[in-house]
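Hi,

Here is the structure I said I'd pass on to you. Have a look at it first, and then read my notes below.

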Amino acid sequence: MTPGPLFRAVAKRLAGAVAVLLGAATVAFTALQLIPGDPVTVMLGPGTAATPEIKAQIRENYGLDQPVALQYLHYLGNLLQGDLGESYQLQRPVAGLIGDQLWPTVQLALAALALAVVLAVTAAVATAGRRPALRAVATLLELLTVSSPPYWIGILLLTAFSFQLRIFPVAGDQDLSALVLPAVTLALPLTGVLAQVLREGLEAALGQPFAVTARSRGLSVTAVRLKHALRHAAVPLVTLVGWLTGSLLGGAVLVETVFARPGIGALTLQGTTNKDMPLVIGVVLLSAFVFVLLSTLVDLLYTVIDPRLRTG
């Protein structure tokens with residue numbers, strides 16, 4: 001790729017990233033304005049004895065006495081300077097709060113994603129093009145995992161492996177054993193989706209001439225699937241993995257609540273409940289940034305998986 005098209009591609013990608021972040025901040029700001037209730041009353045708690053003068057002073061300190069349009073422009077100005085603001089409820093910088101809770105969520109998301117990819121590849125390679133009965137059983141199990149709410153899966157796993165068998169801890173993040181059930185809960189729905197997409201891609205690839213040629217050279221069925229067909233079926237899988245990874249934060253909110261784990265999901269729930277606008281918008285911007293970053297990585301992986309795309 002020559003410098004001209006490369007520069008235009010980078011500029012287009014940066015402009016798209018800025019538009020996504022601006023749109024995410026605007027939607028989150030608007031949604032929180034529509035939530036009923038006074039932020040100062042929520043901040044002080046239901047049993048507060050603060051006088052109207054004190055409430056007015058707090059409202060002035062946070063700029064809540066300004067028109068909504070001015071609040072929005074003031075917030076955007078701070079964002080341009082890298083300032084995510086201060087949490088109304090926790091009285092701490094939002095960037096610091098997110099930084100403190102980021103690692104537990106990253107651990108959970110990476111563990112769930114790795115487990116989902118391994119299970120999906122194993123199931124798809126083992127069942128693609130096999131006997132209809134085996135394929136039907138695999139499809140039924142995948143539909144069950146996709147259609148089951150994560151919190152329900154989590155409660156079932158807790159009941160079986162924590163309360164009955166006492167293999168894994170009920171709550172917390174004290175060690176790796178506490179990560180197993182939350183990761184499985186978050187991974188199972190992803191596994192169902194990924195396995196179905198990958199199986200269809202594998203079955204299409206196994207019917208191509210290159211697969212027939214590979215088998216005629218004496219390669220085993222498993223070798224053809226792993227060395228040739230899987231590479232051709234991986235492009236839609238990578239696309240889906242990138243999209244699903246960006247959506248893991250939404251699933252983490254429920255999973256971290258069910259298993260009483262710290263993390264961004266629990267922080268988001270706390271911020272939304274308390275109408276803590278800077279905190280919620282900070283988390284939304286983080287989610288949008290992760291989505292943009294993953295989209296870029298997926299585009300780069302396309303050129304690694306499919307050499308034909310490098311010629312552009």
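This is a predicted model: local features need pLDDT of at least 70, side-chain atom pairs count only at pLDDT 80 or more; totals for chains, interfaces and linings use all residues.

**What I found**

H4 itself covers residues 68-80, so to speak 13 residues in all. From first C-alpha to last, H4 reaches 19 Å, close to the 18 Å expected at 1.5 Å a residue. Which residues of H4 are buried? They are Gln-71, Tyr-75, Leu-76 and Asn-78. These four sit on the same side of H4 because they cover an arc of only 160° around the axis. Turn to the other side of H4 and you'll find Ala-69, Leu-73 and Leu-80, which are exposed.

Next, have a look at the loop between H4 and H5, where Gln-91 lies. Gln-91 isn't a glycine, yet its phi is positive, about 55°. Its relative accessibility is 45%, so Gln-91 counts as partly exposed.

There's another case in the loop between helix H11 (248-258) and helix H12 (264-273), and that is Ala-260. Ala-260 is a residue other than glycine with a positive phi, near 50°. With 47% relative accessibility, Ala-260 counts as partly exposed.

Last, the helix pair H5 (residues 94-127) and H8 (residues 177-206): their axes come within 6 Å and cross at roughly 35°. The crossing of H5 past H8 is right-handed. As for what makes up the contact of H5 with H8, there are 23 nonpolar residues, three polar and two charged.

Cheers

Terms used: Residues are numbered from 1 along each chain as its sequence is written. Side-chain values use heavy atoms; hydrogens and water are left out. Helices (H or I, at least four residues) and strands (E, at least two) are DSSP runs, numbered from the N terminus. The expected span of a helix is 1.5 Å times one less than its number of residues. Buried means under 20% relative accessible area, exposed over 50%, partly exposed in between (1.4 Å probe, protein chains only). The arc is that of the directions from the helix axis to the C-beta atoms. Axes are lines fitted to C-alpha atoms, for helices over the stretch in contact, and angles run from 0 to 180 degrees between N-to-C directions. A crossing is left-handed if the near helix is turned anticlockwise from the far one by less than a right angle, and right-handed if clockwise. Ala, Val, Leu, Ile, Met, Phe, Trp, Tyr, Cys and Pro count as nonpolar, Asp, Glu, Lys and Arg as charged, and the others, Gly among them, as polar.
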